[in-house]
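Try each task before you read its solution.

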Amino acid sequence: MLGSFVGVLFDGFAYGMLLFLLSVGLSVTLGMMNFVNLAHCSFAMLGGYVTVTLMDRLGWPFFATLPVAFLAAAAASAALERALFRPLYRASDLDQCLLTIGIVFVSVAGAAYVYGTVQQPVQLPDYLRGAVTFGSLRFPVYRLFLIGAALVVTVVLVAALEHTRFGARVRAAVDNQRMARGLGIDVDGVFAVTFALGSGLAGLGGALAIEIVGLDPSFAFTYLIYVIIVVSVGGLASIGGSFVAATLLGISDMAGKYYVPQLGAFLIYLVMVGLLMWRPTGLFGRR
Amino acid sequence: MARAMTPEEVPVRTSMRTTRIALALAAALFGVAPAHAEPTVKIGLIMPYSGQFADPAAQMDNAIKLYMKQNGDTVAGKKIEVIRKDTGGVAPDVAKRLAQELIVRDKVDILAGFVLTPNALAAGDVSAEAKKLMVVMNAATAIITTKSPYMVRTSATVPQLTETFGTWARKSGIKQVYTMVSDYGPGHDAEQGFQRGFKDAGGEVVGSVRFPVANPDFSAFVQRAKDMNPEAIFIFVPGGVQPAAVGKALAERGIDAKKTKVLGMGELTEDEARKSMGDASLGIVTVYHYDHNHDSVLNRGFVKAFNEANAGRNPNIYSVGGYDGMRLIYDALKKTGGKTEGDALVAAAKGMKWESPRGPIGIDPETRDIVQTVYIRRVEKVGGQLLNVEFDRIENVKDPFKARTTR
Amino acid sequence: MTTSGAGAAPVLSTRGLEKSFGSLVVAREISVAVPPGVRYALIGPNGAGKTTLVNLVTGMLRPDAGRIFLGEDDITSLPPSERVKRGLVRTFQINTLFPHLTALEAVTLAVCERRGHASTWWRGLPAYRDAVDEAYGILASLALGADCYQLTRALGYGQQRLLEIALALATRPKVLLLDEPAAGVPRGESPALFAAIAALSNDITVLFIEHDMDVVFRFASRIIVMVGGRVLVEGTPPEIAADARVREVYLGCTRHA
Amino acid sequence: MATVSLEALRGPHGYLRAQTRWRRTEIAFWLATLLPFLLFPSYLQLASQIAITALFAVSLDLILGYAGIVSLGHAAFFGLGAYAAGLISKFGWGEPLSGLVLASTLAGVAGYGASVVVVRFRHLALIMITLGMGLLLHEAANSASWLTGGADGLQGVRIRPLLELFSFDLWGRAAYAYALLMLFLTFLVARRVINSPFGLSLRGIRENAVRMPALGAPSRAHVRKVYTIAAVMAGMAGALLAQTTSTVSLEVLSFQRSADVLVILILGGAGRLYGGILGAILYMVARDQFSGINPQYWYFWIGLLLIAVVLFLPNGILGGLGRAAAWWRRVSP
């Protein structure tokens, strides 16, 4: 009994980390930059397709594809930021919403055109398959790896955004554009880099997630709800908040499905509604 | 309609002239279709070409194209014209509207396609009202064909596969089973069918669970099943993303198909799912009515032609459903000598029997539903490739649901 | 610290109001009593807690301790809109208006809310002639009659300040709390604005926050001085002008600033 | 500036009357909605579904465009109306008009219940709570398959002919007439709502929610009321769809439907009442045409359309048209 409880906690935590990796980029673009970026999962999908293509068609090792997935999504978003998002930073939320939904449509159609509608096979190297046995408990290797990856991303991001000059500039530019400009900060440049960072993280998250959740063109829509749930529950602009929210949601979802499977489909939404009623600005939200 | 309204709304003084131009333009766009010199038979295909179920639709469409390429587009002196309509997913209101429009505007003679049950059910009303032949090429809920006397099905029904499988499982020596299905209509049908077949044959169901339809991670459910330690597990999930996810969860949890028998509907070991699962898929036993690995001359030719036409991709159940559906339409038209009245076509289709890539199949004259061989397959490694290898079969299976209700 | 003014029963009074945000205390034992009909000025250096006091009194903030009375009634736990209905009304230091409503619409809105028309959704606005007339009258009295068909955001800054007051007047206040009504208005225009305030009916008790001492001493009949979340002293303008403590902590600094 | 003096001449009453007066373009528009009967008789079924979607979008506009409440779960009320209408007919009451009234009332009751929760939140929390409630209802309908028919859809919906005279046939004449009439009647109500003192207060809430309590306005009561009215309308739209197609499936409650109607409203222009209608026409006609030409990749073109509208017509089509009209007035003497 205790064994299964530990197992459920572990699975829930790993699932939470998966959600975290998918959504942490959004807490940068939506949370920090206040841009309603519904195309977040399009960038994640791009990362996923990059990884699949490199692994399946070109035979690259899995780990080598991850930085490429990050860079590809970052580059794509940098181009889009320049062309489409930048003029809309000050537009209404609704316009941003419409624009990014348009991008989702285009990306889904593009993916279907290039890769077909078929489910992409994701074959991991053997050392990431299987499980580590610990007494009577089994810890799947890939989930351990996901947890590790999420922790690394969290530490690096928090360090980069809160303890470096770049991070200080980002925060200044996001808080008050005019003042930041006055201080000689290249606000446009900072925004472009920040946006690329958020989307690159999405690409990385996508590349890491497809092993568990699969990949086809509807990816860009399917996981949108989950990432927005994580970011809103965590509190906008809070990396730590997203981490905690993803953990809570992952564990409660997993525990619910294990112990009360009849409620399986309801749980993640119930938890979200409950948490938001308790803290409307999210667990770590300031606004 | 709407094209004519938009220009009217421009708040600047609309001149009569612009209005007239707009109307003329609109009439040109939507006006009477050009008259055909040649007599045609029009087939309206209603499928979810976009959205979550786009892949089944694409696979079916590819087979339809292949059939027409192989057999020409003229039957009984009439040219076959196909009109494709997208429902965008589960949308019975859209499917019904498209069926209506196909009939009143495009004047189609036959409705076909139908990957999804709710859409097929909704269009069934239209088929009944307009007295048009409707060929269901995939949707597998048992009751569908009762919706219209002009409906025939060339895919399979869920109970046809699962109930048969349940009976087979007990006979193969399994005494206890735990069932896991997706929590929606087809899943419930699969659960019910399998449990009925298994229990009627004397087996015991030790537990069951239903997973949410949108479920990215199956590990909790699989863990739960493992903790019950049943002799066998029966699994049904819709095709697409989920089979691979379930398969990976099974492997991660250390459920070994050699110790705990893993049974499933054929979706579980589709091509892409097996590829993603790798060796973890070895030993999974599934039930289905078609696999591209089926050994027959006809099938080898079909698979080869399909591969060539679709960049090496293999046909699947959707493809064979579409392929046989076209075969049915062609043969029925030949029988009626090109007459397209629903009564004539459905009469021609009743009792029809032919050799399909999946084996011998026929249309039950009473229920208009498919009669076919159900195959039991196991995933094995053949020449380094993971394949569904047929090792048992039950021939001439009718839909047991309708067999019960009509009896 | 309670100092009664003209001896009449106060229209607005507070007893021992306390408020702090974490360790920052923004209101400390504030007890004031405002007699009817006066023009009260609330002054003090930045951060003295003037706006906080207005927020506490109008219900935008909840006090940690203390009570608030409107006339005889304890209104401490009433929601803001309920206090407005009872005649306790404020304006905002930063324009808090309806950018995409015309001035006429905005004031009509306020009038309709007061008259209880605002929950009626089955009759058109033009049917409420009296309400529209009243709204127009208020605007005209503040010299906004000609521009009242403009969207609020198209109005000049000074006009927007007047609109703030017009909105407050439309609620028929008994007590009107004006938070720096002339904030941001060019120095030359603020006397005109205060003249409009001074011309308000004597039925309305006005309490205003203001930094410009010339204006304060010209228009206020009584003055409250706040420092560090406390009421330092309260009295008539000559009393305040003569008060050594005020000179020391307050007047001295601003005169030079 | 010429306009200002004109308004000053009219006086405040004349000005407000002019604001609420029927414009010629409006009358022309509503007359034009009759044209499909003559010009496109084979498109009436599509026209009826456009009218239903337009009604749904107008309902969303009341809460989003006028009261500033962004909802991603508005399909909850649409779906409730649809299921209610379907179930009423399934259990033997096939008369459409009374079914419509009953179904919309039920959606309204649910809307009032939801509004009590919704008014407490704003911004992202509000969006997510509406989304969460919508998704929970969707899951509940899936679970309650004994009542709803689950994923297969509700079976046995039988609707009697409208007024016992006009049956919902393959051509969709009755369907369009019925849907259009209901759209028009609801539109009249919505128009009256926004031109009423209540509507003015709603705009006040949208423009500045913080200011309203300082004017003595019971904002939450206003929001509860408009949310209920909007739920009635959304329920009516859902009931119309169920009745005109005799089908109800889980999809009526889906997130996709909530998101689609939001896109449609933004596309047309929120806060303008006609925005939802124009958006529905444009989106659904474009979708019908694009998917007719290219059933597999049509949403690529829809996506481009959305992007183009945002870039060239911010605030939706009506926002863009409004600016174009203003520009035209400025350049033309």
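**Exercise 1.** How many residues of chain D are in contact with chain B, and how many of chain B with chain D?

*Solution.* Some ground rules come before the count. This is a predicted model, where local features need pLDDT of at least 70 and side-chain atom pairs count only at pLDDT 80 or more, while totals for chains, interfaces and linings use all residues. Residues are numbered from 1 along each chain as its sequence is written, and chains are lettered from A and ligands numbered from 1 in the order in which they are written.

Step 1: call two residues in contact if their C-beta atoms, placed from the backbone, lie within 7 Å. With that, 43 residues of chain D touch 47 residues of chain B.

Step 2: find the elements, with helices (H or I, at least four residues) and strands (E, at least two) taken as DSSP runs numbered from the N terminus. Those giving two or more residues to chain D's side include α2 (24–32), α4 (44–66) and α12 (219–245) of chain D. The largest share, 5 residues, is from α4(D).

Step 3: sort that side of chain D by class, and you get 24 nonpolar, 17 polar and 2 charged residues. Here Ala, Val, Leu, Ile, Met, Phe, Trp, Tyr, Cys and Pro count as nonpolar, Asp, Glu, Lys and Arg as charged, and the others, Gly among them, as polar.

**Exercise 2.** Describe the fold and dimensions of chain A.

*Solution.* Step 1: tally the elements of chain A, which come to 12 helices and 2 strands. Along the sequence they run α-α-α-α-β-β-α-α-α-α-α-α-α-α.

Step 1: check the dimensions. The C-alpha trace of chain A spans about 60 × 45 × 35 Å along its principal axes. A compact globule of 287 residues would have a radius of gyration near 19 Å, and chain A agrees because it has 19 Å.

Step 2: look at the contacts in chain A between residues at least 6 apart in sequence; 76% of them join residues at least 24 apart.

Key. The radius of gyration is taken over C-alpha atoms; the globule rule is 2.2 Å times the number of residues to the power 0.38.
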